[in-house]
Structure formats: C-alpha cells, structure tokens
Amino acid sequence: MTGETLLAVRDLKVHFPLQGGMFGGKGSVVRAVDGVDFELKQGETLGIVGESGCGKSTLARAVLRLIPHAAGEVVWLGKDLHALDAEAMRAERRNMQIIFQDPLASLDPHMSIGAIIGQPLRTFHRELSRQDQRRRVFEAMRQVGLAPELADRFPHEFSGGMCQRVGIARAMILKPKLVVCDEPVSALDVSIQAQIINLLMDLQRRFDLSLLFISHNLSVVRHISHRVMVLYLGKVMEIAERDEFYARPLHPYSEALISAVPIPDPLLERQRPRIVLSGDLPSPINPPSGCRFSSRCPRATEICHKAEPALLDYGRDHRAACHHIPITPVATPR
Amino acid sequence: MSDSPVPANPAPPPQPAAAGGAPILSVRDLAIRFRTADGTVTAAADVGFDIRAGEIVGLVGESGSGKSQILMSLMGLLASNGHASGSAVFRGEEILNAPARRLDALRGASMSMIFQDPMTSLNPYLRVSTQLVEVLERHRGMTRAEAMAQALAIMESVRIPDAARRIRLYPHEFSGGMRQRVMIAMALLCRPALLLADEPTTALDVTVQAQILELIADLARSIGTAVLFVTHDLGVVARLCDRVIVLYGGRIMESGEATDIFGDPKHPYTRGLIDSTPRLDERSHGELRTIPGQPRAAQLAPMGCPFEPRCPHRVVRCRTERPAPQEAGLRQLACHEVRL
C-alpha cells in the first residue's frame, strides 16, 4: 500500500423513485444508499458486507458512476466524478473496472475469449495495431493464469472459475487503479473460490491495485480485506480495520453477523456464543425510524426508535453508528 | 415443536435420537445413471450409508459430486432419463424405484424434501393455507377445520410471526427467509421420519441462515427426524451435522463423525476442501491452499479414483484401480495412499 487516497466518498446518496399507485404512493423513493462516507487508499482492499438489500451493489455502481447519485460526492484522485462531463468521465473509466458475480452471464457468448479480453483495448487504445492488441491480450491472460492458446475458445466451453478469470483479465488489461469486485466468488465451488481469491490478492500486490470487495461472505472478506465496512439498509453501521473489526465489533448488527457465520470446526461451533436475530431485513422502501437496525436489534431502547445514531470514531479509525456502544468516542462526527 | 397439538400418527412416530437404534434409512450400492445423447452418464456410484432417528448427516461436495441427484433418487424424483440402481431401505421398506403410488403416500407424509429455492415446492397460485391444509387432508384424513388448526400450529412452530394472518397469503408475499420457513413448515406438517434438505440455506442471508439451521436442529432433537443435509458449505456442516459424507465425482471419498472429519481429515480431497476454505477466525492473510484444476465433470467415468487428476498424493494405480473402502468404527475412507 502506498497510502495515497485514491477514492473519497462523501455523504453519497442514491435514491430510486417508486412508481405511484399500488405500493408506496406518489413521489416516494427507495433510499438504497443514504449518506455513505468512506475512503480507499491505493493498494488497499475495502470489504463491503451486508445482507441482501443493504445497498452494497448500488453503492459500488454509484461509485463507478454507472448509475446517477442523488447527493454527495465521489472524489476520485481529487476530482468529483459525478461532476465530470462525458468526455472527462470516459477518460477516467479506464482506471476503474468491475467484475461480477455470475462469470458466464457477464461474458458475451458470441465473442471469443480473446475478443472479450481485448474489448477495452478497442475502446480505449484504438491506436494499437492488431498485433499489439493480441500481445496485450496474451499478457493479460497469462497474468490471470489462462493459457494464451485458449484465446480463440468461447465462454460456454469454460467452467465458472475459468470464466471468472476471463472477467478478471478483461478488467486488468487497461492496468486500472481500482477494481470493484461484486460478489466475485459467490457462485464458485469452494476449491475454485480459493484460486480466484489468491489471484485477486496476487494482482493487487503486483499492480498496487485498490479493490472494493463486495460480499455477503464474512470469512472471505476477512481473508482478502484490509478494512471492512458494514452496510444495513443503505447506511454504514460500522467501518474498521479488519482484525480489529472481527475481534472487537462495536455495532450489535456486526456482532450478530459475525456470530451467524458458521466456522468449519464442529468443536468450536458448539461453544461459540450465538446472537440469533429475529425476523428478516425490513423493506428498504419503508425503513424503521431512528436507527435502521432498531427493529431487529437486541440492544434497542426507546432512543433507537426515535433518533438516528451518528457514525462516530472510537479510536484507531474504528467507526460505528449506535446509541449503545459502551466506550466513549474520540472525535465528533464530521 | 413438541407442544404443538399433533393428532395420533398413523405411521409409527420416529424415535428420539438414540445411539445404535435401527437406521431410518439404509442406502447400499446406490448408482445413478442418465441416458444422454452422448451415452450413459454416471452421476453417482457405490454410494452407501445409514441414517438413524434424530441424526443429521451432511452430504458435502462441489458441482458434479452427485449430491443433489442422490436426494432426488431417494425421493423418486430423478429426471425421466435417469435411473437409480442398488437399494434404499426406508423403515424396512425398499423405496428405490418403488411404484409411484407408494412413493406418493410416503412423500410429504413420512419423508419430505426441502430445496434451495422454496418456490420449487410451493404453488404460486394457491394461498399457503390451501397448500398446507391439502397435505393434512390427504395424508392424515383430517377435516378442514382440524387441518387448518394444525397448519397454523406448524407455522407458529417454525416461528413465522403473525401466522394467523400470514397463512392466508400467497407465497410471493413472503420474504425469502419467511418463504423458506413456509416450505419447512410444509415439509414438517406430518412430522416426517426423514427430511431431505438440498442446500436450503444457500440463497439466504447469514442471519436468516442461522435461524433456519437452528430450526432444523430443533426438529431433529425434538421429534427425532433424521436429516440428510446437502451442502457445499463446510461451516454449515460443522454447525449442524453429526456425521459427514464427502462426495467427489459421484463417489464417497470419506465419511465419519463431524468432529473426526474436521479434526483429522484423511482423504486428500477432504483436506483440500478444508484448507481452501477461508475461516472467519483466521488471522493469517497469506495465500490460501487450493486444489488445482476444476471439479470433475460428471460424464467422465474413470476406472480409478475420481479425484486422481487433482490429487497431490496420486500414484500410478490411482488412475487404474478403484480404492477399496477402509473402515474403522464410524469412519470410512476410499484412498490408496492414506491409511485410516
């Protein structure tokens, strides 16, 4: 890690309007991302965790400006991305890439592997000769552990793990600074998942790459991330350095999440304390008032249903948003 | 669960978990083959195991391991080009390839199945109440009012809040976790002696998964249902299962008590699986151990050990000679190179 801040997200909001009529009524919006702040340094991995509907994928898309935001800033190397004109935005895109959960669905079935991996070159480096393009494609394939001989094959001939390597090669070919990984190993078999995690960590080391790693798998996130951010219904509940987060979670939701993840060790599993939350995630259309976690929180009291807690720093850059944290914050909210 | 008002059961009730009781299900030499345009594909072979009342057995494997097809064959639900051979004795009765009418009587009554996608077993056009009541009217001969009371009790027992109102809803009106509970409620209506579960928590969020796993564990404890639980998640196995069967390429690589399998994995594949799984409690962030190559495609049917192409310990005979199963107590192992 070089430590230079690559990305600073400030009070980012993404709202989706709801159609009037049967549900929700006129003019209401889903606040899918509702005031998120974080920073990402060069060479760093920030793991973003949370359950379905927490806004993690929406957040990633707004960070890349693949969808419009409602408010806030995404400061990328000193520039507010959402304020750039189309041409300037296009120029920045080569430095930010994304890989998806379903490796096969994110590859065009009519294109050969080589053509898929080389597509970004045809968009951003039209000056390259066909020969140079081919050379760059082979180089990218080798980087992700694909034999260049496979360049003329098609996605359907490949397994899920191989397809994910193709997606990673396509993301890496422009030598980006940031790769957003949206559940990149969730659809893979365990033995293949480990190969892809190793590959991403290796690429990060070699190219000083920054990763936003979105996953619902807290074990994978612990392995790959330097810091972890927990989202719940569009809000940051907690953000902290990895080992600090897993050893000393401050937010009751983080605690519950961590305790819910089974560890592959039956003896340990029998002794672990378990916090079983009641119910499901509430609808993001109509989140609980006050703290959004209050409807499922084992610690909730009256204040939690009325006032939204601020995200406060509890030292060593460990921030959490809860009325019932037993220690004193070190700084006032931004 | 035990306090729900359940009327007399026509079938003998399952006995609570007791070491050494007669198995509820005995599977021997199970093989599953599919006829395809490219010839016969073997999805599973030489599969054998027992499950006793109240026991939860994990069937673990990756894509193509045959784990789901084993469940489908037991339920008599293989695709029309599939054929199962061997034997599966359920409470003294052969169920493999049993007549459809006999299977209809067993399914939903004394054996039930739950799936990853609850909509697989729920009818989207019918209210949940209608679907639950139908099972009880048909298998238990209850009146509509009796069945309704019983259905409501089951909904409450799987902790669906506000059950009296929700029972009138259609499946799509439930959230994913609640729908999974409805399916489990349906599977439990007749207090089955055997529950076959095919990755029922894979699509759920971890906090909801934790709730469903507790529910299944409760069920096995309180009414002695035997559970065969298919999953690829070793953490889930460690939390839930008493015993584990590790499958690769349609064959059993290793089986035994969960504490033994995780504490001292013998088979190179089991070791590989455990080593390549990142752990929530790990503090090292180095390279994960991996298993080279890809999970085996089902259509290849090598003579030797199916794991041979990916095995770090393989020797020449692994390719040509099937390892004979070694046995020691509850532990079984199929490997030339590792001794029990």
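What pLDDT does chain B average, and what percentage of the residues score at least 70? That's where I'd like to start, since what we're looking at is a predicted model. Chain B averages a pLDDT of 88, and 92% of the residues score at least 70. For the complex, the predictor gives an ipTM of 0.86 and a pTM of 0.89.

Okay, on to the sheet in chain B. It's an open one with 4 strands, in the order β2-β1-β4-β5, and the pairing is antiparallel. At the edges you've got β2, residues 39-52, and β5, residues 93-94, each pairing on one side only. Have a look at β1 and β4 of chain B, residues 23-36 and 82-90: they pair in the antiparallel sense over 8 bridges.

Now the contact between the chains. Chain B puts in 41 residues and chain A puts in 38. Which elements of chain B give two or more residues to the side that touches chain A? Those are α6 (176-188), α7 (206-223), α8 (234-240), α9 (258-263) and α10 (268-276) of chain B. The largest share comes from α7(B), with 7 residues. And if you sort that side of chain B by class, you get 17 nonpolar, 15 polar and 9 charged residues.

Technical notes. Residues numbered from 1 in each chain as written. Chains lettered and ligands numbered in written order. Predicted model: local features only at pLDDT ≥ 70, side-chain atom pairs only at ≥ 80, totals over all residues. Pairing = 2+ DSSP bridges. pLDDT = per-residue confidence, 0-100. Contact = placed C-beta atoms within 7 Å. Nonpolar A, V, L, I, M, F, W, Y, C, P; charged D, E, K, R; others polar.
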